[in-house]
Amino acid sequence: MDGNGRWAQSKGLPRTQGHRAGEHSLFEVVEACLEIGVEWLTVYAFSTENWRRPSDEVQFLLNFNEDILLRRRDELNDHGVRIRFVGRQDWRVPKRLIRQMHEATELTKNNRKMTFTIAFNYGGRAEIVDAVQRIVAAGIAAEKITETTITDHLYDPEMPEPDLIIRTSGEYRISNFLLWELAYSELVFTDTLWPEFQRQEFLAAIRDYQDRRRRFGGVDGRS
Ligand code: IPE
Ligand code: MG
């Protein structure tokens, strides 16, 4: 969900107003997913690198994420959405926010219509490091380690590999998002800044995805 700051700056507003405006886009996408039957949606809300921002913006983002969670969790629950989080729940994340994350996860854990995963204090490399640490801690022998071992030790082993990854705001980078999981994901890049990314454009990205031929390293028509 990139481009909030630039959107705000282009309007002469403080960057934080861009984050506020992005909430609308997020729920347009959530609602579109529910309508068309997308079962897994993962959003990149806060990266392990975002701590480098000025402390007032970091503080705003921590508060704003907690605020959204509190305001929206019941509505998501009513829509059959299961909320999950991936990322490091370390000392930098306020305890109160971690508690809210646990509560939202607990409240919605039996929902099955869609799993809405929020990547918070998430980094793709950190996820792989954490997986390796858990594998070593579990005493798994080096020669027993396969790709499946790594997959099984990611933050959410149940999360399928993403079919489609959308990046907004004209940046043609992955920026540490789902590095292990994206090996065969289709990528869509758009110049639209996140606060202007709405339903129509999301559906257009899905149509674009539907026209792609995914070969997973094989040859068309054979498996
Ligand atoms: C994305 O918008 C939101 C977060 C990273 C939390 P940015 O804040 O990165 O917006 P730009 O890239 O500065 O425009
Ligand atoms: Mg950005």
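I'll start with one residue: D90 is buried, with a relative accessible area of 18%, where buried means under 20% relative accessible area, exposed over 50%, and partly exposed in between, using a 1.4 Å probe and protein chains only. This is a predicted model, so local features need pLDDT of at least 70, side-chain atom pairs count only at pLDDT 80 or more, and totals for chains, interfaces and linings use all residues. Residues are numbered from 1 along each chain as its sequence is written, chains are lettered from A and ligands numbered from 1 in the order in which they are written, and side-chain values use heavy atoms, with hydrogens and water left out.

Back to D90. Its side chain meets that of R92 in a salt bridge, at 3.6 Å from N to O; the rule is a side-chain nitrogen of Lys or Arg within 4 Å of a carboxyl oxygen of Asp or Glu. R92 counts as partly exposed, at 27% relative accessibility. By this rule the count comes to 23 salt bridges.

In one, E171 pairs with R6, and the closest N and O atoms are 3.3 Å apart. E171 sits in the loop between β4 (164–167) and β5 (186–189), while R6 is in helix α1 (residues 4–10), 165 residues apart. Helices here are DSSP runs of H or I with at least four residues, strands are runs of E with at least two, and both are numbered from the N terminus. E171 is buried because its relative accessible area is 19%; R6, at 32%, is partly exposed. Both residues belong to a network of salt bridges that links D2, R6, R167, E171 and R173.

In the other, E158 pairs with R84, again with the closest N and O atoms 3.3 Å apart. E158 lies in the loop between α6 (147–152) and β4, and R84 in strand β2, 74 residues apart. R84 counts as buried, at 18% relative accessibility.

Next, the nonpolar core. I use the term for a set of buried Ala, Val, Leu, Ile, Met, Phe, Trp, Tyr and Cys residues joined through side-chain atoms within 4.5 Å. The largest has 40 residues, and V30, L41, M114, F116, I118, F120 and F202 touch the most other members. At least two residues each come from α2 (15–36), β1 (40–47), α3, β2 (81–86), α4 (95–107), β3 (114–122) and α7 (199–210). The most come from α3, with 8 residues. A second, separate core of 11 residues includes Y122, Y155, F177 and L182.

What is F120 in contact with, leaving aside its neighbours within four places in sequence? Taking contact as heavy atoms within 4.5 Å, the partners are A45, F46, L62, N65, V86, G87, R88, V93, L97 and M101.

Now α3 itself. This helix covers residues 55–78, 24 residues, and reaches 35 Å from its first C-alpha to its last, close to the 34 Å expected; the expected span is 1.5 Å times one less than the number of residues. It bends by about 50 degrees at R72, the bend being the angle between axes fitted to the seven residues ending there and the seven starting there. After α3 comes G80, with a positive phi near 80 degrees.

Last, E28, in helix α2. E28 counts as partly exposed, at 21% relative accessibility. Beyond its neighbours within four places in sequence, E28 is in contact with Q198 and R199. The C-alpha atoms of E28 and R134 are separated by 37 Å, with the two residues 106 apart along the chain.
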